Amino acid sequence: MQVKRLESEAELPSVAAVMQELRPSISLAQLVEQIQLQRQHGYQLAYLCHNQQVIAVAGFVIGWKLSWGKHLYLDDLVTIEAMRSQGAGQVLLNWLIDYAKQQQCQQLHLGSGVQRFAAHRFYLRNGFDIKSHHFTRNIN
């Protein structure tokens, strides 16, 4: 299994198709368009291939905050259903941690829906702590 960073638009449809498993309410075309927009603002994608198939994807940004310093914020982490619990997510998470270190990030952050218990167990097992509640409000 080999982790790659998305560098060409040609790779985007196969990567976005995996991300769609995490966000099924968004069409593939909308997802590709949104990813292209976010990439203009620093969003990056890393993905894991096995037998020349994309099996796991991570979307992230490197940023700065007064409270966190330089950090990697993990927006999305998804493994195709057929490959879950087989180590793909672990390989990708380890790559993200190494990449954050290479970028001199001080921390790695992520948010996870309150209902995603399996994901929470995965993150806790990997040394993450629950440090805060994240609040949101629609402005429409």
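Modeller: This is a predicted model, and I would begin with its surface: the accessible area of the protein chain comes to about 9300 Å², and carbon and sulfur atoms hold 50% of it.

Colleague: What makes the protein chain as compact as a globular protein of its length?

Modeller: The chain has four helices and five strands, which follow one another along the sequence as β-α-α-β-β-β-α-β-α. Its radius of gyration is 15 Å, close to the 14 Å that the globule rule gives for 140 residues, so the chain is as compact as a globular protein of that length. The C-alpha atoms fill a box of roughly 40 × 40 × 30 Å along the principal axes, and among contacts with a separation of 6 or more, 57% are between residues 24 or more positions apart.

Colleague: How many of the residues are buried, as a percentage?

Modeller: Of the 140 residues in the protein chain, 36% are buried.

Colleague: Which residues have the most contacts inside the largest nonpolar core, and which elements give two or more residues to it?

Modeller: That core has 40 residues, and those with the most contacts inside it are Met-19, Ile-35, Leu-45, Val-57, Leu-72 and Leu-74. The elements giving two or more residues to this core are the helices α1 (12-19), α2 (28-39), α3 (88-102) and α4 (117-125), together with the strands β2 (44-50), β3 (53-65) and β4 (69-79). In soluble globular proteins, nonpolar side chains tend to be buried together. Leaving aside neighbours within four places in sequence, Leu-74 is in contact with Ala-58, Gly-59, Phe-60, Leu-96, Leu-108, His-109, Leu-110 and Gly-111.

Colleague: Why is Thr-79 called buried?

Modeller: Thr-79, in strand β4, has a relative accessible area of 10%, and since buried means under 20%, Thr-79 is therefore counted as buried. Not counting residues up to four places away in sequence, Thr-79 touches Glu-21, Ile-55, Ala-56, Arg-84, Ala-88 and Gly-89.

Colleague: How do you know that Leu-66 is exposed?

Modeller: Leu-66 lies in the loop between β3 and β4, and its relative accessible area is 96%; exposed means over 50%, so Leu-66 is called exposed. The C-alpha atoms of Leu-66 and Ser-8, 58 residues apart along the chain, are separated by 33 Å.

Colleague: Why does Pro-24 count as exposed?

Modeller: Pro-24 has 65% relative accessibility, and because the cut-off for exposed is over 50%, Pro-24 counts as exposed. Pro-24 is placed in the loop between α1 and α2, and its C-alpha atom is separated by 21 Å from that of Leu-6, 18 residues away along the chain.

Colleague: What is the value of phi in Gln-52, and what is it in Ser-85?

Modeller: Phi of Gln-52 is near 65 degrees, a positive value in a residue other than glycine, and phi of Ser-85 is likewise positive, near 65 degrees. Gln-52 is found in the loop between β2 and β3, whereas Ser-85 is found in the loop between β4 and α3.

Colleague: And why are Gln-52 and Ser-85 called exposed?

Modeller: With exposed meaning over 50%, Gln-52 at 81% relative accessibility counts as exposed, and so does Ser-85, with a relative accessible area of 83%.

Note on methods. Residues numbered from 1 in each chain as written. Predicted model: local features only at pLDDT ≥ 70, side-chain atom pairs only at ≥ 80, totals over all residues. Heavy atoms only, no water. Rg over C-alpha atoms; globule rule 2.2 N^0.38 Å. Buried < 20%, exposed > 50% of the residue type's maximum accessible area, 1.4 Å probe, protein only. Contact = heavy atoms within 4.5 Å. Areas by Shrake-Rupley, 256 points an atom, 1.4 Å probe, with all protein chains shown as cover. Core = buried A, V, L, I, M, F, W, Y, C linked by side-chain atoms within 4.5 Å.
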